[in-house]
Amino acid sequence: SASPDKRIKKFVVAGPEHIAHLADQAAKKQISIKEDIDYILPDLKSLYRGIKQKPRITVLEGIDGLRTAFEKTLLMKEKVMRVVSSPDDIQKSLPDFLPIYIQKRIERGIKVLGIHPYNRTGSEIRKRMPPLDEINLIPQKRWGFSADFAIFDDTLAFILHKEKVAISIHSKAIADGMKGIFDLAFEEARRLNVKDRRHQPK
């Protein structure tokens with residue numbers, strides 16, 4: 001209780017029976033909490049297993065990082081790589097490395113399905129590509145690419161040439177979904193494919 005002016009508070013010591021009652025209530029509460037945890041534990045375990053399967057992300061930086069990202073594609077199992085890229089950007093970032101990489105890719109029998117903007121670099125690269133590749137060049141004024149990306153095996157890889165950064169997302173679900181989206185875009189790119197060699201791209 002408190003005095004009328006609320007400056008002094010008085011307390012009464014509880015008896016042993018009351019203390020025992022409080023302890024009993026606390027114990028029952030803890031048992032209830034444990035039972036609740038046991039009830040949701042299977043769901044928690046399921047969520048935990050799901051987290052272990054979350055996408056793995058790799059980030060590589062600098063010119064060496066870009067080279068490493070390209071070289072990793074040479075180890076793919078599917079032997080088919082879906083690519084959307086700007087050959088101009090690749091030439092600027094890795095001018096000496098690109099011909100070496102293409103030769104290694106050809107030796108490993110890796111096929112490229114490519115969508116690139118139609119310009120002089122894209123046209124020249126298409127001429128040099130092996131017969132197993134299918135390259136579609138689309139009007140550059142309507143579609144430009146600020147970043148390149150490739151899909152292969154269980155990987156979705158992005159290359160930002162200006163920032164000199166390569167980002168790879170390793171996830172079967174994401175890669176499979178992006179392959180489906182790419183294949184739809186590739187069908188449309190076939191329709192838009194610029195084939196008139198008499199036209200000189202700029």
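What is the volume of the largest cavity? The answer is about 30 Å³, and a search of the whole structure finds one cavity of 30 Å³ or more. On a 1 Å grid over the protein atoms alone, a cavity is a set of points where a 1.4 Å probe fits but cannot get out, whereas a pocket is an open set with protein on both sides within 12 Å along at least five of seven lines; lining residues have an atom within 4 Å of a point. Volume here is the space filled by probe spheres set on the points, with grid points joined across faces, edges and corners. The model is predicted, so local features need pLDDT of at least 70 and side-chain atom pairs count only at pLDDT 80 or more, while totals for chains, interfaces and linings use all residues. Residues are numbered from 1 along each chain as its sequence is written, and side-chain values use heavy atoms, leaving out hydrogens and water.

The largest cavity is lined by Thr 58, Leu 60, Ala 69, Lys 72, Ala 166 and Ser 168.

Turning to open space, the largest pocket holds about 600 Å³. Its lining comprises 36 residues, of which Thr 73, Met 81, Tyr 101, Ala 150 and Phe 152 are the closest to the centre.

Ile 110 is also worth a visit. This residue is buried (under 20% relative accessible area, 1.4 Å probe, protein chains only), with a value of 0%. Beyond its neighbours within four places in sequence, Ile 110 is in contact (heavy atoms within 4.5 Å) with residues including Thr 73, Lys 79 and Leu 132. The C-alpha atoms of Ile 110 and Lys 79 are separated by 4.4 Å, although the two lie 31 residues apart along the chain.

Methods
Buried < 20%, exposed > 50% of the residue type's maximum accessible area, 1.4 Å probe, protein only.
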